[in-house]
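Me: I would like to learn how to read a few features of a structure, one at a time. Could you walk me through them?

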Amino acid sequence: MPSIEENLAVWDGSYDWTQEGDEWSSGWGGSEAQWFGTLLPRLHAFIPAGTILEIAPGFGRWTNYLKDQCENLIVVDLAEKCIRACEKRFSSSSHITYHVNDGQSLDMIPDNSIDFVFSFDALVHVERDVMEAYLSQLANKLSPNGVGFIHHSNLGMYLDELTGELPPEIGHPHWRGKSMSAKLFEEYCDQASLQCISQEMTHWASHQLIDAISVFTGRDSTWARPNRTLQNLEFMNETSYIARLAPLYCRNDNRVKA
């Protein structure tokens, strides 16, 4: 399954960014519909925030909305192509800083500086080593009441521990990290002295819960509480409903120019 090197080869090399990532929102009726219909209802309690960190922004599909929700926005991506595209797209936004990393390091981020960390539709393609590395660092990068919202693979939930194989009913795994799961995410949070406060397991063009959205914070944060979990088998129904509404209420041009 996808290694750091394979991710770099795809996103900084072979992938055709002609649609700038908006193609992944087509099921919602566009990026605008997905942001306001699916993401913002899940994020609204945590933003606006002083300083936001976005990991793996691609060509800025969600950066376009996050930039209006903070005083400072830091974007970090493995692919230099993506960072250069974001720099160009958001050149008029002086409060955004950009970094190319090695796929797992956050050394460029000051400790105790991040009020909200966000990643969606990107870290589903990383394995457990990358997720563990990011969480171990985010424990120091988050401000005292900082919160993280990360969309990641849950494919490891179905992995046979003896054979290392996935059951045939999984079908197409959509290049998800084979070794990563919601359970592991919670364990990595605990190891890093973070508190996982919610996990929504979802299906993604699959009948199995191959994805998860995990929200976490520091153990002493005002947001800290025991973890709450949901196996959301209605996620794709939600997507279809939003897609039906999108033509009525969204701009014809789904990309909002910076």
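Me: Let's begin with Ser214: in which strand is Ser214 found?
Reply: Ser214 belongs to strand β7, which covers residues 211-218. Keep in mind as we go that this is a predicted model.

Me: Is Ser214 buried or exposed?
Reply: The way to judge is by relative accessible area, with buried meaning under 20%. Ser214 has 0% relative accessibility, so Ser214 counts as buried.

Me: Which side chain does Ser214 join in a polar contact?
Reply: That of Gln199, at 2.9 Å. Gln199 is also among the residues that Ser214 touches beyond four places in sequence; the others are Gly148, Phe149, Ile150, His152, Phe185, Cys196 and Ser198.

Me: Now a loop residue. Where is Ser25 placed, between which helices?
Reply: Ser25 sits in the loop between α1 and α2. Ser25 is buried because its relative accessible area is 0%, and its side chain makes a polar contact of 2.5 Å with that of Gln34. Beyond four places in sequence, Ser25 touches Gly30, Ser31, Gln34, Arg61 and Trp62.

Me: How should I read a nonpolar core?
Reply: In soluble globular proteins, nonpolar side chains tend to be buried together. Here the largest nonpolar core has 41 residues, and Trp35, Phe116, Phe118 and Phe149 are the ones that touch the most other members. Helix α2, residues 31-43, gives the largest share of this core, 4 residues. Another core lies apart from it, with 28 residues that include Ile4, Val76, Met131 and Leu142.

Me: Which residues does Phe118 touch, leaving out those up to four places away in sequence?
Reply: Phe118 touches Trp35, Leu39, Leu43, Leu53, Glu54, Ile55, Trp62, Leu66 and Phe149.

Me: And pockets, how do I find those?
Reply: Rolling a probe the size of a water molecule over the atoms shows where empty space is left. In this model, the largest pocket has a volume of about 570 Å³. Its lining has 36 residues, with Trp11, Asp121, Ala122, Leu123 and His125 the closest to its centre.

Me: Which elements each supply at least two residues of the lining of the largest pocket?
Reply: They are α1 (4-14), β2 (70-77) and α5 (128-141). The largest share, 3 residues, comes from α1. By class, this lining divides into 22 nonpolar, 9 polar and 5 charged residues.

Me: What is the volume of the second largest pocket?
Reply: About 350 Å³. The second largest pocket has 16 lining residues, and nearest its centre lie Gly156, Met157, Glu161, Ser181 and Lys183. Helix α6 (residues 182-191) contributes the largest share of that lining, 4 residues. Its classes are 5 nonpolar, 5 polar and 6 charged.

Me: What should I look for in the backbone angles?
Reply: Most residues other than glycine have a negative phi, and most peptide bonds are trans. In this model, Asp121 has a positive phi near 65°, and Trp175 has a positive phi near 55°. A cis peptide bond joins Ile47 and Pro48, with omega about 5°; Pro48 is in the loop between α2 and β1 (49-55).

Me: Where do Asp121 and Trp175 lie?
Reply: Asp121 is in the loop between β4 (114-119) and α5, while Trp175 is in the loop between β5 (142-153) and α6. Asp121 is buried because its relative accessible area is 12%. Trp175 counts as partly exposed because its relative accessibility is 29%.

Me: Finally, how do I compare separation in sequence with distance in space? How far apart are Asn232 and His203?
Reply: Asn232 and His203 are 29 residues apart in sequence and 7.6 Å apart in space, C-alpha to C-alpha. For another pair, Asn72 and Asn227, the values are 155 residues and 29 Å, again C-alpha to C-alpha.

Me: What else can I read around Asn232?
Reply: Asn232 is found in strand β8, residues 228-232, and counts as buried because its relative accessibility is 10%. Its side chain reaches the backbone nitrogen of Glu234 at 2.9 Å and that of Phe235 at 3.4 Å. Beyond four places in sequence, Asn232 is in contact with Arg42, Glu200, Met201, Thr202, His203, Leu209 and Glu238.

Key
Residues are numbered from 1 along each chain as its sequence is written. This is a predicted model: local features need pLDDT of at least 70, side-chain atom pairs count only at pLDDT 80 or more; totals for chains, interfaces and linings use all residues. Side-chain values use heavy atoms; hydrogens and water are left out. A nonpolar core is a set of buried Ala, Val, Leu, Ile, Met, Phe, Trp, Tyr and Cys residues joined through side-chain atoms within 4.5 Å. Buried means under 20% relative accessible area, exposed over 50%, partly exposed in between (1.4 Å probe, protein chains only). Contact means heavy atoms within 4.5 Å. A polar contact is a pair of N or O atoms within 3.5 Å; within protein, one must be able to donate a hydrogen and the other to accept it, and residues adjacent in sequence count only if both atoms are side-chain atoms. On a 1 Å grid over the protein atoms alone, a cavity is a set of points where a 1.4 Å probe fits but cannot get out, and a pocket is an open set with protein on both sides within 12 Å along at least five of seven lines; lining residues have an atom within 4 Å of a point. Grid points are joined across faces, edges and corners, and a volume is the space filled by probe spheres set on the points. Ala, Val, Leu, Ile, Met, Phe, Trp, Tyr, Cys and Pro count as nonpolar, Asp, Glu, Lys and Arg as charged, and the others, Gly among them, as polar.
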